[in-house]
Amino acid sequence: MTTTHSLIALLKSELKSRGLSYAELAQALGLSESSVKRMFAAGGEMPLSRVDEICRVLHCDFADLAARLATEQPAQRELTLAQERAVVADTRLLLVAICCLSQWTVEQMLAAYRLTEAEVVKHLAQLDRLGIIELRPLNRYKLRVSKTFRWRPRGPVMQFFRERVVQDFFDAGFDGEGELLMLVHGQLSTAAARDLNERLRRVAEDFARQHLLDQRLPLHEKRSYSLVMGMRSWLFEAFKDLQRVTRTPTGPS
């Protein structure tokens with residue numbers, strides 16, 4: 001749904017909540033009822049001047065409607081391919097994007113990385129143009145992606161991580177404080193696998209929630225952690241030649 005259509009739908013909701021009919025609105029606007037119906041119909045057009053007039057009839061403020069509209073817009077769960085390509089094309093932009101997804105402040109980015117304030121602000125403006133954040137005064141921002149956001153599984157960003165990050169991430173003993181690496185094999189029903197996936201998503205949400213709770217702690221009391229979770233139906237390539245070929249029973253001959 002486009003923003004225009006969403007605004008019209010919100011105005012229709014306001015009319016209904018106040019018990020105001022199209023005929024009554026038409027009379028207040030000095031229009032025919034059919035003209036009002038066409039404005040509110042699917043695909044109808046409504047200029048901003050008319051929106052202002054309707055707001056006066058409803059005794060509401062357009063700014064309040066716009067704010068409600070912004071909060072009601074569904075957040076993105078994934079970026080488009082074009083958005084991801086733009087983000088991954090510049091390493092520093094990708095870094096700032098990841099910091100934003102972790103809801104770091106500009107001050108935290110400057111303290112943690114060798115970036116100038118001008119660079120960070122430039123990249124925030126780029127992310128705003130890409131529709132990933134909404135840049136606000138004093139270099140604050142609001143995420144336009146949902147809490148369940150993920151990079152596209154086979155998209156440009158995940159490809160970048162496969163090629164440039166995976167080896168670096170796993171090239172460690174995972175024996176430091178708060179570190180863990182486990183490899184578990186098993187056979188599950190499809191239903192059980194789906195249930196486990198859902199529980200793993202909740203673990204990821206817990207991780208993100210704890211990160212936000214710990215934002216208030218001073219920097220020296222925190223360490224950066226990365227959580228990687230994956231589950232797939234898979235057999236290690238080196239074992240494939242040892243696997244028995246399972247034949248489908250054909251019944252007695």
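## The β1–β2 loop

Leu-138 lies in the loop between β1 (133-136) and β2 (140-143); helices (H or I, at least four residues) and strands (E, at least two) are DSSP runs, numbered from the N terminus. Although Leu-138 is not a glycine, its phi is positive, at about 60°. The residue counts as exposed, with 76% relative accessibility. Here buried means under 20% relative accessible area, exposed over 50%, and partly exposed in between (1.4 Å probe, protein chains only).

The model is predicted: local features need pLDDT of at least 70 and side-chain atom pairs count only at pLDDT 80 or more, while totals for chains, interfaces and linings use all residues. Residues are numbered from 1 along each chain as its sequence is written, and side-chain values use heavy atoms, with hydrogens and water left out.

His-59 sits in the loop between α4 (48-58) and α5 (62-72). This residue, too, is a non-glycine with positive phi, near 55°. At 72% relative accessibility, His-59 is exposed.

How many disulfides are there? The count is zero, a disulfide being a pair of cysteine sulfur atoms within 2.5 Å. Cys-55 is in no disulfide; its nearest cysteine sulfur belongs to Cys-60, 4.0 Å away. Cys-55 counts as buried because its relative accessibility is 3%.

## Glu-14 in helix α1

Glu-14 belongs to helix α1 (residues 3-17). Is Glu-14 buried or exposed? Its relative accessibility is 9%, so Glu-14 counts as buried. Leaving aside residues up to four places away in sequence, Glu-14 touches Leu-58, Leu-65 and Arg-68; contact means heavy atoms within 4.5 Å.

## The chain overall

The chain has twelve helices and two strands. From the N terminus, the order of elements is α-α-α-α-α-α-α-α-α-β-β-α-α-α. The C-alpha trace spans about 80 × 70 × 30 Å along its principal axes. The radius of gyration is 26 Å, whereas a compact globule of 253 residues would have one near 18 Å; the radius is taken over C-alpha atoms, and the globule rule is 2.2 Å times the number of residues to the power 0.38.

Buried residues make up 22% of the 253 residues. Among contacts with a separation of 6 or more, 59% are between residues 24 or more positions apart.
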